[in-house]
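Could you walk me through this model in the viewer, one selection after another? I would like to know what to click on and what I will find there.

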Amino acid sequence: KEKEKENGYIQGIHDMIANTSHSCPNGCSASGTCNTMTGKCSCNSGTSGIDCSIGAEITNCHLNCSGSGVCVDNECHCSLGYNGFGCEEISLPCKNWCSGKGICVDGKCN
């Protein structure tokens with residue numbers, strides 16, 4: 001009985017640790033992906049360090065363009081399929097991209 005109690009206690013601690021979410025140092029400096037199971041960053045190409053800050057370009061762009069665009073002169077230039085001040089919004093493609101006769105916003109030509 002004592003061994004069963006000990007095993008149950010150990011299993012409870014193991015379950016608690018396994019279900020714990022960890023944050024990463026400095027949110028990986030917006031230059032990597034956080035593994036919430038380990039609390040470690042997986043850095044984007046060209047960056048390194050425990051928080052991916054080495055080699056990371058410091059910008060004044062909103063949300064650092066959310067990893068879905070590039071910052072040029074403190075302004076986000078979003079990748080295809082993203083829009084918003086900080087490229088944080090997913091945009092739906094328009095048929096033939098509005099054939100050059102409008103702007104595609106949320107899947108509709110304007």
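Here is a short tour, stop by stop.

Before you start, note that this is a predicted model, in which local features need pLDDT of at least 70, side-chain atom pairs count only at pLDDT 80 or more, and totals for chains, interfaces and linings use all residues. Residues are numbered from 1 along each chain as its sequence is written, and side-chain values use heavy atoms, with hydrogens and water left out.

Stop 1: Select residues 32-35 and 40-43, which are strand 1 and strand 2, paired in the antiparallel sense over four bridges. Strands here are DSSP runs of E with at least two residues, helices are runs of H or I with at least four, and both are numbered from the N terminus; two strands pair if DSSP finds at least two bridges between them. Four residues sit between the two strands of this hairpin, and Gly39 in the turn has a positive phi of about 75°. Across the pair, Cys34 stands opposite Cys41.

**Stop 2: the disulfides.** Now show the cysteine side chains.

- Cys24 and Cys34: the sulfur atoms are 2.1 Å apart. The S-S torsion is about 85°, so this disulfide is right-handed. Cys24 lies in the loop between helix 1 (2-18) and strand 1, and Cys34 in strand 1, so the pair ties together parts that are ten residues apart in sequence.
- Cys28 and Cys41: the sulfur atoms are again 2.1 Å apart, but the link is left-handed, with -95° about the S-S bond. Cys28 is in the loop between helix 1 and strand 1 and Cys41 is in strand 2, 13 residues apart.
- Cys43 and Cys52: here the sulfur atoms are 2.2 Å apart, and the link is left-handed at -95°.

**Stop 3: two positive phi values.** Most residues other than glycine have a negative phi. Select Cys52, where phi is near 60°, in the loop between strand 2 and strand 3 (69-72). Is Cys52 buried or exposed? Cys52 is buried, at 0% relative accessible area; buried means under 20%, exposed over 50% and partly exposed in between, with a 1.4 Å probe and protein chains only. Ser66, with phi near 55°, lies in the loop between strand 2 and strand 3 and is partly exposed at 35%.

**Stop 4: the core.** Finish with Cys61, Cys65, Cys71, Cys76 and Cys87, the largest nonpolar core. Such a core is a set of buried Ala, Val, Leu, Ile, Met, Phe, Trp, Tyr and Cys residues joined through side-chain atoms within 4.5 Å.

Terms used: Disulfide = S-S within 2.5 Å.
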